Amino acid sequence: MNLWQGILLGLVQGLTEFLPVSSSGHLVLVEALTGLHFTDVTVEVSLHVATLGSVLVVYGARLWQILVGITRRDRASLRYAVLLIIASIPAGLVGVLFHHQIEQAFHSLVWLAVQFIITGGILLLTKGAHGARTEPTPATAVVIGSAQAFAILPAISRSGATIAAALKTGLTPAAAAEFSFLMAIPVIAGAGALEAKDAIASMEHVGALPWVASFVCAFAAGVWSIRWLVRLIRDGRFYLFAPYCFAIGFFTLAYALWHG
């Protein structure tokens with residue numbers, strides 16, 4: 001990976017990690033278009049870890065409030081923390097049990113195209129969704145967590161699936177966005193931990209400078225995309241990303257068939 005490819009991958013990751021268009025799907029597509037070919041998902045996961053910092057910047061104060069509340073045994077903070085744990089379990093189980101199968105799914109462009117189109121359909125379902133709850137119930141936390149588990153597939157948007165599920169189960173737009181981004185923290189951190197050993201071993205093949213550049217770009221773009229997306233969700237325009245997902249899905253399908 002050279003420097004410009006690292007910058008490109010970082011920007012794609014940062015802009016698409018939180019927008020409901022699937023960062024992993026875009027990374028796989030960019031790799032195919034630019035000639036990059038990785039034998040595992042180490043680079044993709046390392047870029048996800050970079051955007052973890054973006055979440056901590058935007059929602060760090062809220063996370064700190066919850067952590068302080070837990071130490072003080074505040075019931076509201078303890079309840080919210082338990083809900084986040086419940087929502088994280090499905091993706092954790094899927095990631096551990098089907099790790100190798102998921103890696104294989106990252107290398108099929110036809111399957112990638114289908115997932116982009118599915119993501120578009122999920123986003124369309126949010127049109128007009130506007131609940132009144134400020135936090136999920138344990139049951140709806142399972143629903144949102146299951147959406148996150150489904151989004152482990154590369155071109156199923158994690159933010160798209162979880163925010164859509166949160167909105168459809170009655171959360172307000174702001175609450176849906178907050179819960180989605182906070183529940184991403186353990187999943188991203190866990191994925192990074194699983195790939196940490198391979199990431200260190202792969203650095204000499206990828207190149208330290210391109211990797212650092214991709215990290216910086218992913219972090220900066222991630223902060224911007226979170227803040228922009230939250231404004232769109234509050235304005236009820238989350239579903240407007242659906243046409244883009246359909247377009248990129250059909251483009252990917254055409255590219256796969258043309259080069260197949």
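This is a predicted model: local features need pLDDT of at least 70, side-chain atom pairs count only at pLDDT 80 or more; totals for chains, interfaces and linings use all residues.
A residue counts as buried when under 20% of its relative accessible area is left open.

## The overall layout

Let's start with the parts list.

What about contacts along the sequence? Take the contacts with a separation of 6 or more: residues 24 or more positions apart account for 82% of them.

## Two helices side by side

Now look at helix α1 (residues 3-18) and helix α10 (residues 208-234). Their axes come within 6 Å and cross at roughly 25°. Angles under 35 degrees count as roughly parallel, which means α1 is roughly parallel to α10. The crossing of this pair is right-handed.

Which residues do the touching? On the α1 side they include L3, G6, I7, G10 and F18. Over on α10, their partners include L209, A213, C217, W224 and L229. Sort the residues of this contact by type and you get 14 nonpolar, seven polar and no charged.

Here's a handy rule for looking at any such helix: there are 3.6 residues a turn, so residues three or four places apart point the same way.

## The nonpolar cores

The largest nonpolar core has 44 residues, and Y59, F179, F181 and L229 touch the most other members. Several helices supply at least two residues each, among them α3 (42-71), α4 (75-97), α7 (138-150) and α10. The helix that gives the most is α9, with 10 residues.

Let's zoom in on F181. Setting aside its neighbours within four places in sequence, which residues is F181 in contact with? They are F18, V55, Y59, R158, I226, L229 and V230. Two of those names, F18 and L229, also turn up where α1 meets α10.

## A helix under cover

Is α8 mostly covered or mostly open? It's mostly covered, with 10 of its 11 residues buried. The buried ones include R158, G160, I163 and L167, and R158 is also one of the contacts of F181.

After α8 comes G170, a residue whose phi is positive, near 105°.

Technical notes
Residues are numbered from 1 along each chain as its sequence is written. Side-chain values use heavy atoms; hydrogens and water are left out. Axes are lines fitted to C-alpha atoms, for helices over the stretch in contact, and angles run from 0 to 180 degrees between N-to-C directions. Helices (H or I, at least four residues) and strands (E, at least two) are DSSP runs, numbered from the N terminus. Angles under 35 degrees count as roughly parallel, over 145 as roughly antiparallel, 65 to 115 as roughly perpendicular and the rest as oblique. A crossing is left-handed if the near helix is turned anticlockwise from the far one by less than a right angle, and right-handed if clockwise. Contact means heavy atoms within 4.5 Å. Ala, Val, Leu, Ile, Met, Phe, Trp, Tyr, Cys and Pro count as nonpolar, Asp, Glu, Lys and Arg as charged, and the others, Gly among them, as polar. A nonpolar core is a set of buried Ala, Val, Leu, Ile, Met, Phe, Trp, Tyr and Cys residues joined through side-chain atoms within 4.5 Å. Buried means under 20% relative accessible area, exposed over 50%, partly exposed in between (1.4 Å probe, protein chains only).
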